[in-house]
Amino acid sequence: MSDVTVLHNPKCSTSRAAVETIAGAGVAAEVHQYLKAPLDEAALRELIGKLEDEPTDLVRRDSFFSDQGLTDADVATVEQVVAVLVEHPRLMQRPVVIKGDRAIIGRPKDRVAPFVRG
């Protein structure tokens with residue numbers, strides 16, 4: 001079993017780049033396609049507990065976010081972030097790289113290599 005997990009969307013070039021970077025570094029990683037198997041509330045809370053970024057950064061602010069009538073005020077707390085991501089898994093920022101008890105959002109792309117090597 002790998003020490004590194006990537007929450008991955010294969011349609012996203014940044015997410016694909018993270019998987020390639022990790023493989024290129026010789027690090028074995030479990031790749032979890034979170035849209036096929038969304039994280040539940042407990043898993044999201046565990047992820048947020050490891051996240052080095054702000055919890056609100058885990059939510060993508062794209063056109064779907066706006067189409068749902070959401071604003072920054074709707075994802076200001078951990079509870080709100082979890083509720084939004086349980087209801088709309090596609091709004092989770094990608095990729096997310098988890099290593100042991102730490103996690104980062106893999107944006108920009110150059111964050112991934114030092115994180116998995118460190």
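## A buried aspartate

D53 sits in the loop that runs between α2 and α3; helices (H or I, at least four residues) and strands (E, at least two) are DSSP runs, numbered from the N terminus. The model is a predicted one, in which local features need pLDDT of at least 70, side-chain atom pairs count only at pLDDT 80 or more, and totals for chains, interfaces and linings use all residues. Residues are numbered from 1 along each chain as its sequence is written, and side-chain values use heavy atoms, with hydrogens and water left out.

Is D53 buried or exposed? With a relative accessibility of 15%, D53 counts as buried (buried means under 20% relative accessible area, exposed over 50%, partly exposed in between, with a 1.4 Å probe and protein chains only). Its side chain comes to 2.8 Å from the backbone nitrogen of I105, and a polar contact of 2.8 Å links the side chains of D53 and R111. A polar contact here is a pair of N or O atoms within 3.5 Å; within protein, one must be able to donate a hydrogen and the other to accept it, and residues adjacent in sequence count only if both atoms are side-chain atoms. Setting aside neighbours within four places in sequence, D53 is in contact (heavy atoms within 4.5 Å) with I104, I105 and R111.

## A buried glutamine

Q93 belongs to the loop between α4 and β3 and is buried, at 13% relative accessible area. Which residues does Q93 touch, not counting those up to four places away in sequence? They are D57, L58, R60, I105 and R107. With R60, the side chains make a polar contact of 3.1 Å. Q93 and L58 are 35 residues apart in sequence, yet their C-alpha atoms are 5.0 Å apart in space.

## Two nonpolar cores

The largest nonpolar core holds 23 residues, and L7, L47, L58, V59, L85, L91 and M92 have the most contacts inside it. Such a core is a set of buried Ala, Val, Leu, Ile, Met, Phe, Trp, Tyr and Cys residues joined through side-chain atoms within 4.5 Å. At least two residues of this core come from each of α2, α3 (63-67), α4, β3 and β4, and α4 gives the most, with four.

L85 touches L44, L58, V59, L91 and M92, not counting residues up to four places away in sequence. A second, separate core has nine residues, including V4, I22, V112 and F115.

Helix α2 spans residues 41-50, and L44, L47 and I48 are buried in it. Viewed down the axis of α2, its buried residues fall within an arc of 100°, so they line one face of the helix; the arc is that of the directions from the helix axis to the C-beta atoms. Among the elements covering these buried residues are β1 (4-8), α4 (78-87), β3 (96-99) and β4 (102-105).

On the face turned away from the buried side, α2 carries the exposed residues A42, E46 and G49.

## A charge over a ring

R90 lies over the face of F64, at 3.8 Å from the ring centre. For this, NZ of Lys or CZ of Arg must be within 6 Å of the ring centre and within 35 degrees of the ring normal.
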